[in-house]
Amino acid sequence: MSNGASLLEPPFATVSWSADGRALRLLDQRRLPGVELYLETRDVRETVDAIRTLAVRGAPAIGVAAAIGLVVALEHAIEAHTGLNDLSGVDFTAPLPIARSALERLSQQLDASRPTAVNLRWALQRMLRVAAALPDDALLRGLRAEATCILEEDRAMCLAIGEAGASFITEGSGVLTHCNAGALATAGIGTALAPMYVAHARGVTFHVFADETRPLLQGARLTSWELQRAGIQVTVQPDGAAASLLRSGAVQAVFVGADRIAANGDVANKVGTYSLALAARVHGVPFHVCAPYSTFDANTATGDDIEIEHRHRDEIALAGERMVLPAHVPVNNPAFDVTPRELITHYITERGVLSPPFHI
Ligand code: MRU
């Protein structure tokens, strides 16, 4: 990446239409960094499974996946109902009640796949609103166009976040990030990593410290993979090393993404974000949350109202194939935590930089 124009192109296609437009195409993040493999889903159960098992993850990316996944699942359901196996040439001049009821059902199935990232619901509600305004004969075409629009807007908003946040990365500085809020978490160049991509393209030299992010290692497996690929210097550390690194003076700014931002500014993000924000505050290091407006949720008053996903015991009990817990010891495995707005220096969005306190 060497100039502003090339930044418009994400480094790889995390989430997109398949080449024939009939499936959702995903870079399978369960296999990274070892294997770079793409998978395609069509049936709604395959898409729900890909979201639940984190083949596609990160708030904006699952929003885009849900929008495309809804269209391909709807077409799949109509084909199964009508016996046609290619709807592209079919002219739907007659009302198509099956499509309307299937749309509602498929959207509910996708919505139930993960609870915390509001982008998922945001994208599905946007698709349903558009569908309600479309005549039957334009339904499939209109929904395809809307899903493509969500995908393209996501790319543009990543770039805008990168441009709004790049000036917070100064020459020779250290920056710290948690989880993966990069190109792998969006259809573009990421949210928290977008300022890093833009600063790098502008010739700024800096060093990224990536928390490994227990238990699923999004920082170790994904953030380091995509930054190294882009030629950005990156060091991975255990999550527990962050506080002392902040104390050492090696870090001038922390950048994280968000899964949902409540109306009062509280932020849900990957578990461990809250501890990082506390440590950053104690050591006087600015703490920036990078997110598009689709992550701000006016219907959620405060962080206490955000549903936090709890995941399976095995994510804690197993290290690879090896059992590391005695049998029957229970685990506490929340995937996210809430950082109160008081600990946040800036919200870096596609519409510019906001400072708390604010109400959306
Ligand atoms: O469980 P994950 O990997 O989906 O969690 C992802 C995060 O917490 C990200 O920081 C967040 O979704 C923002 S992605 C731009």
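By class, how many nonpolar, polar and charged residues does the shell around the ligand have? In this predicted model, the count comes out at 7 nonpolar, 6 polar and 4 charged. That makes for a shell of 17 residues surrounding the ligand, with Arg57, Ala59, Arg114, Asn269 and Lys270 the closest. Two elements, α3 (59–82) and β9 (267–270), each put at least two residues into this shell.

On the backbone side, an N or O atom of Ala59 lies 2.9 Å from an oxygen atom of the ligand. As for cover, the protein takes up 99% of the 420 Å² of accessible area that the ligand has on its own. The ligand's place is in the largest cavity.

Then there is the largest pocket, which holds about 410 Å³ of space. Its lining is made up of 18 residues, and Pro215, Leu216, Arg221, Asp314 and Glu315 are the ones nearest the centre. Looking at elements, α11 (314–317) and β12 (318–319) are those that give two or more residues to this lining. Sorted by class, the lining of the largest pocket has 8 charged residues, along with 6 nonpolar and 4 polar ones.

Key: Residues are numbered from 1 along each chain as its sequence is written. This is a predicted model: local features need pLDDT of at least 70, side-chain atom pairs count only at pLDDT 80 or more; totals for chains, interfaces and linings use all residues. Side-chain values use heavy atoms; hydrogens and water are left out. A residue is near a molecule or strand if one of its heavy atoms lies within 4 Å of it. A polar contact is a pair of N or O atoms within 3.5 Å; within protein, one must be able to donate a hydrogen and the other to accept it, and residues adjacent in sequence count only if both atoms are side-chain atoms. Accessible areas come from the Shrake-Rupley method with a 1.4 Å probe; for residues, only the protein chains shown count as cover. On a 1 Å grid over the protein atoms alone, a cavity is a set of points where a 1.4 Å probe fits but cannot get out, and a pocket is an open set with protein on both sides within 12 Å along at least five of seven lines; lining residues have an atom within 4 Å of a point. A molecule sits in a cavity or pocket if more than half of its atoms lie within 2 Å of its grid points. Helices (H or I, at least four residues) and strands (E, at least two) are DSSP runs, numbered from the N terminus. Ala, Val, Leu, Ile, Met, Phe, Trp, Tyr, Cys and Pro count as nonpolar, Asp, Glu, Lys and Arg as charged, and the others, Gly among them, as polar. Grid points are joined across faces, edges and corners, and a volume is the space filled by probe spheres set on the points.
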